[in-house]
Amino acid sequence: MIKKDEHYKYQIGDLVEFSEYEFFDEYYNSFERRVGIVIKREFRYVDANQYKIKVDEKNYWIDEDKLTILSKAVKAPAK
């Protein structure tokens, strides 16, 4: 049996980067790199998993293959 966390490449609290594109008149007008924190995950059997990323005061749903890890979340040591 597969553990629930093994379905996900990124964990809640990970710092990730992605590109946000502006589409204008049949071509990409511009894009900006965004850096944010994973706050929610959604498992998909058919498509790529999606992650809810918080950037400043805005949230984005981004596919797993569009994200780049910058820093893993550090778990607190057990007491």
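**Figure 1. Arg 34 and its contacts.** Not counting residues up to four places away in sequence, Arg 34 touches Val 16, Glu 17, Phe 18, Glu 20, Val 55 and Tyr 60. Contact here means heavy atoms within 4.5 Å. The model is predicted, so local features need pLDDT of at least 70 and side-chain atom pairs count only at pLDDT 80 or more, while totals for chains, interfaces and linings use all residues. Residues are numbered from 1 along each chain as its sequence is written, and side-chain values use heavy atoms, with hydrogens and water left out. Arg 34 is found in strand β2, residues 27-42. Strands (E, at least two residues) and helices (H or I, at least four) are DSSP runs, numbered from the N terminus. Between Arg 34 and Leu 67 there are 10.0 Å in space, C-alpha to C-alpha, and the two are 33 residues apart in sequence.

**Figure 2. The chain as a whole.** The protein chain has five strands and zero helices. Read from the N terminus on, its elements run β-β-β-β-β. Of the 79 residues in the protein chain, 23% are buried. Buried means under 20% relative accessible area, exposed means over 50%, and partly exposed lies in between (1.4 Å probe, protein chains only). Among contacts in the protein chain with a separation of 6 or more, 43% are between residues 24 or more positions apart.

**Figure 3. Salt bridges around Glu 32 and Arg 34.** A salt bridge is a side-chain nitrogen of Lys or Arg within 4 Å of a carboxyl oxygen of Asp or Glu. A search of the whole structure finds four of them. One joins the side chains of Glu 32 and Arg 34, at 3.4 Å from N to O. Glu 32 is partly exposed, with a relative accessible area of 42%. Glu 20, Glu 32 and Arg 34 are linked in a network of salt bridges.

Figure 4. The side chains of Lys 72 and Asp 14 meet in a salt bridge of 3.6 Å, N to O. Lys 72 lies in the segment after β5 (68-71) and Asp 14 in the segment before β1, so the pair ties together parts that are 58 residues apart in sequence. Lys 66 forms a salt bridge with Asp 65, the closest N and O atoms being 3.8 Å apart. Both Lys 66 and Asp 65 are exposed.

Figure 5. Strand β3 (residues 50-55) and strand β4 (residues 58-63) run antiparallel and are joined by six bridges. Two strands pair if DSSP finds at least two bridges between them. The bridge partner of Ile 53 in β4 is Tyr 60. Asp 56 is found in the loop between β3 and β4. The phi of Asp 56 is near 55°, a positive value in a residue other than glycine. Most residues other than glycine have a negative phi. Asp 56 is exposed, with a relative accessible area of 65%.

**Figure 6. The largest pocket.** The largest pocket has a volume of about 180 Å³. On a 1 Å grid over the protein atoms alone, a pocket is an open set of points where a 1.4 Å probe fits, with protein on both sides within 12 Å along at least five of seven lines; lining residues have an atom within 4 Å of a point. Grid points are joined across faces, edges and corners, and the volume is the space filled by probe spheres set on the points. Which residues line the largest pocket? They are Glu 17, Phe 18, Ser 19, Glu 20, Tyr 21, Arg 33, Ile 62, Lys 66 and Thr 68. Strand β1 (residues 15-24) gives the most to this lining, with five residues.

**Figure 7. Thr 68 in strand β5.** Thr 68 is found in strand β5 and counts as partly exposed at 42% relative accessibility. Thr 68 and Glu 17 are 51 residues apart in sequence and 5.1 Å apart in space, C-alpha to C-alpha. Leaving aside neighbours within four places in sequence, Thr 68 is in contact with Tyr 10, Leu 15, Val 16 and Glu 17.
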